[in-house]
Amino acid sequence: MLKIKNLHASVEDKEILKGINLEVNAGEVHAIMGPNGSGKSTLAAVIAGKEEFEVTKGSIELEGEDLEDASPEERAHKGIFLSFQYPVEIPGVSVTNFMKTAINETRKAKGLEDMPANQMLKLIREKSEMLDIDRKFLSRSLNEGFSGGEKKRNEIFQLAMLEPKLAILDETDSGLDIDALRIVANGVNKLKSKENAVIVITHYQRLLEYIVPDFVHVLHDGKIVKSGGKELAFELEEKGYDWIKQETVV
Amino acid sequence: MMFENNIDIEHPVHDVRVDAMKNFEMKGFPSKKEEAWKYTSLNSLQKVDFSIFPKEVNALEYKDVKKYFIHEIDTYKIVFIDGIYSSYLSETTHDGVDICLMSSALTKPMYKPVIDVYFNKVASKDESLTTLNTAFSREGAYIYIPKNKMPKKPVEILHFATGNESTLMLQPRNLIIVEENAELQVIERHQSLTSNEVLTNSVTEIFAAKNAIVDYYKVQNNVGSASLIDNTYIDQKDKSVVKVHTFSFGGKLTRNNLNFYQNGEYIDSTMKGVTILGEKQHVDHHTLVHHIEPNCESHQDYKGIYGENSTGVFNGKIIVEKLAQKTNAFQQNNNILISDKATINTKPQLEIFADDVKCSHGCTIGQLDEEALFYLQSRGIPKKEARALLMYAFANNVLQSVRIPELKTRINKLIANKLGVNLGFDL
C-alpha cells in the first residue's frame, strides 16, 4: 500500500529525514519508535503532505501512485489520515459540522454527491457509540477546551468517520491516562481490517501493548536503524534507546 | 463641498444648530495632521460635490429591500430613504414606549422636556463632523423607553440610498433614551442600492439610566461606493450595561467614533467588533471609554481580517480619572493580514490617573496559523475552505455575545459570504 523509498526531507535547509525506506502492506500494523528528535513526527507530517517540509530526494507512493505533487487535502482524499499529536482548536465550528465538511469535501473530490443528512447522522451515531463518545461532545466546538484525552479520542473519532486506507497515529498515547489509552487503542483495533493499514508512532512501548504491531522500526537521526517484530519494542523498553545509538555507531 | 441654504430659523433647536454651524465653519473637515485622523483621509470625499438634501422623495418596495432587514423576526422599523422617513416601510410605536422619528420629537411640544434634557448633551460640541451633523441633520430615530419598560421586539434603523441622486450626503441623527431598569435592542444598517457615491455622517446619542440594558448592533456591509462616518456617544449611569457590536464587512471608507462616558458606579461598557475587508476598503475604529467614577468595567474586543489592498485602524483610548478607583478596563485587538498589501495600524492609548485599577490591553497582527491550516487540510478540507474556517474561528468569540439568534445567523452568513466559501453548513 505505502512504499517509501530513500526519502530525504528538510526544513529550512536542515535535513531531518536522511534516507527512509519503508513498505507497509494492507492489513499490517507498523510501529515507528525512536528517541526525541529522531524524525518520527517529521516522517508522519511528510507522508501527510505538510508543505513546510521539502522532500529533497526519494519518493512516497500510495497504491503505486507517487504523492510528490499531492496537497495535504488530496492525500486525505486518497486515503491518508494523520492523527495529530497536538490537535488544533477551532472555536465556533462543532465536531459534527467539521466532520460533515470533511466528509463531503472528500466525496466532492471523488465526484460524489453530499452524503444525505440522515445517513450522516447514522454514521455519526454509530461511530460515536463505538468509541463511547457522549453525544453532547459532538456539538461542542472542535477541540476547544477539550482535555488531552478528549482531543485524542476525537482524533480517533475522525479516523473512524473518514475510514482511511492508511492511518498514521502520531504520539497518540502522549498525555493519556491508562483508561483513555485503552479507549483510544480499542477504537483503533475495531477499525483495523485486511484492507487498511496503521502506522503507530510512539516513544514508549506502552501503547503497543494495546495496538499490537506486526513490525517495529527504530528511527534514529533520520534513518531506520533497526527493524523487527513486536519483541523489538520490549527490548527497547528494557534497554532504552542508548543501546540502539551505540549499535549504530559501531 | 457646498451646503445649500435651507435652514429653518423657527426650529426649536435652531440655536443649537447655529452654534454647531459656527463651530464647523471654524474647524472644517478633520485633516490627517490631526492625531485622531492620522490614518484616515477624507480628502477624496471632500472632492465630491455631495447633494445635501434630496430633490425628490423616492419610494422603495418592501420585497426589493426585504433582505436587508432581519426579516426572520418581528421588529420595530424606522426606515429612511435618501434621508427621508418612509412610513410605508416603517413600523413605529407609542404603546408604552416611543419608537418614532427625530423630526417629530424635535418639533412636537410634548417631547420638549425630554429634548431639552438630552438632545446634543452627550454629543461633542467641538468635534467637527459631529457639529456638522448637529447643524444639518433633519431626521433620524427617536427612541424613549420609560422606566421598567422593554419594547416587545428589537428596533431596526435602516437607511437606504436609492442612487437617484448621483451623489448624496446623509446626516442622520438618533436620540435614544433608556430609563431606569429599562431595556432595548437596536440593529442599525446603512445600505446603498446602487454604486452612486454616498457619504453618511451619522450621530447617535444614547443615554442609559440606572440599571438600563442596551444592546446596539451596527451592520456595516455597504457597497464599495458608500462611506460612513459614525459618531456614537453613550452616557451611562449606575449599574447600566451597554454593549455595542460593530460588524464591518463593506463600504469604501468607514470611520467609527464610539465614545462611552461612565457617569456612575458599577457600569459595564462593552465594545466588540468583527472587521473583514478586501479590495481597497478602509475601516477605522476609534473607541473612547471615559472611566469617571469608581467600580466600573469596560471590555473591548475587536477582531480584524484584512485582505487585498484593504487598510484598517484601531485606536482604543481609555481614560481612568483619579476618582475612578477599582476600574477594570480590558482591551483586545487582534488582526490577521491575509495579503501582503493590506495594512493595519493599531494603537492602545491609556491615560490612567487612579492607582487601584486593572487595565490590560493587547494587540496582535499575524497571519493564519500554518499548523492549523495543515490540520484542516489533512482532513480533506481544501485550502480555501480551511482558511475560511480558521478565519471564522478567529472572529467567532465576538459573536457569542450577540443576543438576537437570527441576527447572529445573518452575521455568520455575511461572514461566510465575505470569505467566499460554502462550507456545507451554516456557520
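**Figure 1. Crossing of α3(A) and α6(A) in the predicted model.** Helix α3(A) passes α6(A) in a right-handed crossing. This is a predicted model. The two helices cover residues 95-109 and residues 148-162 of chain A, respectively. Their axes come within 11 Å. The crossing angle is roughly 35°. From α3(A), the contact takes in V95(A), M99(A), A102(A), I103(A) and T106(A). From α6(A), it takes in N154(A), Q158(A), M161(A) and L162(A). Six of the contact residues are nonpolar and three are polar. None is charged.

**Figure 2. Chain A where it touches chain B.** The contact joins 25 residues of chain A to 21 residues of chain B. On the chain A side, α2 (72-78), β7 (90-94) and α3 each supply at least two residues. Helix α3(A) gives the most, with seven residues. By class, this side of chain A has 11 nonpolar, eight polar and six charged residues. For the complex, the predictor gives an ipTM of 0.95 and a pTM of 0.88.

**Figure 3. The two domains of chain B.** The domain assignment places domain 1 of chain B at 14-263. Domain 2 of chain B is placed at 369-427. Their C-alpha centres lie 30 Å apart. Confidence for chain B as a whole is given by a mean pLDDT of 92. In this chain, 96% of residues reach 70 or more.

**Figure 4. Domain 1 of chain B where it touches domain 2 of chain B.** Here 13 residues of domain 1 of chain B are in contact with 10 residues of domain 2 of chain B. Three strands of chain B each supply at least two residues to the domain 1 side: β8 (183-192), β10 (213-220) and β12 (241-248). Strand β12(B) gives the most to this side, with three residues. The domain 1 side divides into seven nonpolar, three polar and three charged residues.

**Figure 5. Fold and extent of chain A.** Chain A has nine helices and 12 strands. Its radius of gyration is 18 Å, close to the 18 Å from the globule rule for 250 residues, so chain A is as compact as a globular protein of that length. Along the principal axes, the C-alpha trace of chain A spans about 60 × 40 × 35 Å.

**Figure 6. Fold and extent of chain B.** Chain B has nine helices and 20 strands. Taken along the principal axes, the C-alpha atoms of chain B fill a box of roughly 70 × 55 × 45 Å.

Technical notes:
Residues are numbered from 1 along each chain as its sequence is written. Chains are lettered from A and ligands numbered from 1 in the order in which they are written. This is a predicted model: local features need pLDDT of at least 70, side-chain atom pairs count only at pLDDT 80 or more; totals for chains, interfaces and linings use all residues. Domain bounds come from an automatic or database domain assignment. Two residues are in contact if their C-beta atoms, placed from the backbone, lie within 7 Å. Helices (H or I, at least four residues) and strands (E, at least two) are DSSP runs, numbered from the N terminus. Ala, Val, Leu, Ile, Met, Phe, Trp, Tyr, Cys and Pro count as nonpolar, Asp, Glu, Lys and Arg as charged, and the others, Gly among them, as polar. Axes are lines fitted to C-alpha atoms, for helices over the stretch in contact, and angles run from 0 to 180 degrees between N-to-C directions. A crossing is left-handed if the near helix is turned anticlockwise from the far one by less than a right angle, and right-handed if clockwise. pLDDT is the predictor's confidence in each residue, from 0 to 100. The radius of gyration is taken over C-alpha atoms; the globule rule is 2.2 Å times the number of residues to the power 0.38.
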